[in-house]
Amino acid sequence: MARKFIPRDVSWLSFNSRVLQEAADETVPLPSKIKFLGIFSNNLDEFFRVRIPGLKRAIDIKDKEANTSFFEDPQIILDEVNTIVIKQQKKFDNFWALIQKEMAQQHVYIKDASQLNLKQEEFVRNFYSEEVESNVIPLLLDDSRPMPYLRDKSLYLGISMSKREWEYETKFAIIEIPTTLNGRFVILPASAKEKHIILLEDIIKFNLPYIFSYFGFDEFHAHVFKITKDAEFDLDNDINTTLAEKISKGIKNRRKGKTTRFIFDKEMDPKLVEFLIKKLQLTKKDNIIPGQKIHNFKHFMDFPNVFKQPNLPITNPGFTHPQLNKTQRITDIIIKKDILLSFPYHTFRPVIDLLREAAMDPDVKTIQITAYRLASNSKIVNALINAARNGKDVTVMLELQARFDEENNLYWKEKLELEGIRVLTGVPNKKVHAKLCIIKKRVGAKTIQYGFVSTGNINEKTAKLYGDYCLLTSNRSVMADINKVFHFLKKPKSNPAEVIKNCNSLLICPTDMRNGIIHYIDKEIEEVKAGRKARIILKVNSLSDRILIKKLYDAAEAGVQIDLIVRGIYCATNQTKFKKPINAISIVDEFLEHARVMYFYAAGKEVTYISSADWMTRNLDHRIEAAVKINSKKIRDEIKDMLQIQLRDNVKARILNNELNNRYVTNDKEPCRSQIEIYNYLRRKTDEV
């Protein structure tokens, strides 16, 4: 029977398959191919850390609601997921073998401990002694000792040791590879024509006789392994709250962070494998996977720059927005008109300059800003600290639950508070994901307000890699709505529906965004039923909210033209009852497509929003999000032009169909690689000024 919805986890793996496709694309430069393998691996680790445990718990509690929340029986989904992962891993191994051949054509080789020449052996001994030894802690294993605590994201060396003429059994040990301190890759001395690289685990392997010299072993067999731990099911994911509570209750008696996946080099001593499985308390229900020699491929996202410089189609493209090219003060321009920054094509510098100007402007009294993921050496934070030192009243909403950035944000919290900045740290049971800033200045008896609404993080590093929009504006209606959001954030225990209400320019989660979207879709349905033009264009990272998907189904059944650009999770399907099939594509290319845009024809008014929120239950019901209505016709047209360019993509666009086969869009039209075409489109606008 045809699916009405694609399960989120199955769709997510289909997205990761698109990432893997990039590693096999002959047009992708070699360094980027290696990077995409690293991204694929890192994504899969996170999938097993977060999503697989949730499926297993849903199976354990045997709740009827699980089928609705997960779209299908969780056991059926888990079986399908395991099959897909095995197939993807085989593809990964094949692609890596091809990439190594391509590396060899450029005379770049990864050497293991057995392939070193005498000069390299001496280098490895010295490097270990001088750089690595102090970070290595060997741990002996046996039945009488408890299993050492193993970290989830670390890589380990499993070691079997013996003497050639020893009547006793083999001894086991493990060593955590100190990649955080020493990195994963070390460049070896080699001829001028070649580049030789050794992995850190092979440096440790080579030095095992020295490390364990006290015991007199003369035979060593060492192979890498890693584990994935249950990261605990997020309560703000795509399931209903009732089921989330039941799942949470079902894990209270479990030891936190139970190992759920064990991957090891298939050449590892079988007795050591058996010992580790027993000590890790793994069962047949867990994922026990014999694999290749190299694990933790996520490190390959930072592979050394040892290749001939490739001709990348777009490299560091950031250029100044044409309206900001000849001005000394960003503030003066924004107060007069709205500006749309399109990252990474436009440089992020105006956002930093805007805050720096506010920090030094004697008329500026207050700055309020939300922060989800900040750069490691954030110029945004430096500007805010400068503002506080200049006597401005600065408030920063810093989301401490931003996954993977919790530690970083705690560091920023302490640093900001030391400077006298008021730091807000969240709302009970909800993440603050909106990207907002409001600056207030007092000129005579007049208060002037300006700021921005963004689809992406206020982060100068990711702004070079992520495709996002940032609206710089002084629109009074937008500023009034942002004030309402900050009023709520300062009183987080209040009811958001009571504080954030009657907004004219912002749609806010969790109060009115879903209803606002439904309103616009219903209007398109009314128009098409009346025989008039109706169209919806949606660009998001993920589309999995059942309510909004069903509303799109209603629109497709009525005959509304629907075009979707969805980078990641896509749970909708085309159905025979649709008068007009949904056209859905996904673009995976050099930059991460991250912007969220909603376009409705709206009887010729062409209503357009840019948003921080994906169409997922977690965003719509469990987060504070903001979508801003674009008032400037010029900017609306510009956004529509860029959407149309992406819909024309026939180079990097894949069709999101019911079969999940990630087939590339192919046609007889002129080739269109949308990221390059958008770069050219925006660049022409700069040249025209």
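Okay, so helices here are DSSP runs of H or I with at least four residues, strands are runs of E with at least two, and both are numbered from the N terminus. Residues are numbered from 1 along each chain as its sequence is written, and side-chain values use heavy atoms, with hydrogens and water left out.

Confidence next. pLDDT is the predictor's own confidence in each residue, from 0 to 100. The chain averages 90, and 92% of the residues score at least 70. Residues 239–244 fall below 50, though in the model that stretch has 18 contacts beyond near neighbours in sequence, a contact being heavy atoms within 4.5 Å. Residues 246–255 are below 50 too, with 14 such contacts. Where pLDDT is low, the predicted coordinates should not be read in detail.

Most residues other than glycine have a negative phi, and most peptide bonds are trans. Here, the bond from Phe-343 to Pro-344 is cis, with omega near 0 degrees. You'll find Pro-344 in the loop between strand E10 and helix H12 (349–360). The bond from Cys-509 to Pro-510 is cis as well, with omega near 5 degrees, and Pro-510 sits in the loop between strand E18 (506–509) and helix H17 (513–529).

For positive phi, look at Asn-429, near 65 degrees, in the loop between strands E13 (422–424) and E14 (431–432). Is Asn-429 buried or exposed? Buried means under 20% relative accessible area, exposed over 50%, and partly exposed in between, using a 1.4 Å probe and protein chains only. Asn-429 comes out at 71%, so it's exposed. Glu-606 also has a positive phi, about 50 degrees, but Glu-606 is buried at 17%.

On to the aromatics. Rings of Phe, Tyr and Trp (its six-membered ring) pair if their centres lie within 6.5 Å; planes under 30 degrees apart are stacked, over 60 edge-to-face, and the rest tilted. That rule gives 32 aromatic pairs. Phe-123 and Phe-127 have centres 6.0 Å apart and planes at 20 degrees, so they're stacked. They're about one helical turn apart, because they sit four residues apart in helix H5 (residues 118–132). Tyr-345 and Phe-591 have centres 6.1 Å apart and planes at 85 degrees, so that pair is edge-to-face. It links distant parts of the chain, 246 residues apart. Tyr-345 is buried at 6%, and Phe-591 is buried at 5%.

On a 1 Å grid over the protein atoms alone, a cavity is a set of points where a 1.4 Å probe fits but cannot get out; a pocket is an open set with protein on both sides within 12 Å along at least five of seven lines; lining residues have an atom within 4 Å of a point. Grid points join across faces, edges and corners, and a volume is the space filled by probe spheres set on the points.

How many cavities of 30 Å³ or more are there? Six. The largest cavity holds about 110 Å³. Of its 13 lining residues, Tyr-345 is one of those closest to the centre, along with Tyr-469, Glu-593, Gln-646 and Ile-678. The second largest pocket has about 590 Å³, and helix H4 gives the largest share of its lining, nine residues.

Conventions
This is a predicted model: local features need pLDDT of at least 70, side-chain atom pairs count only at pLDDT 80 or more; totals for chains, interfaces and linings use all residues.
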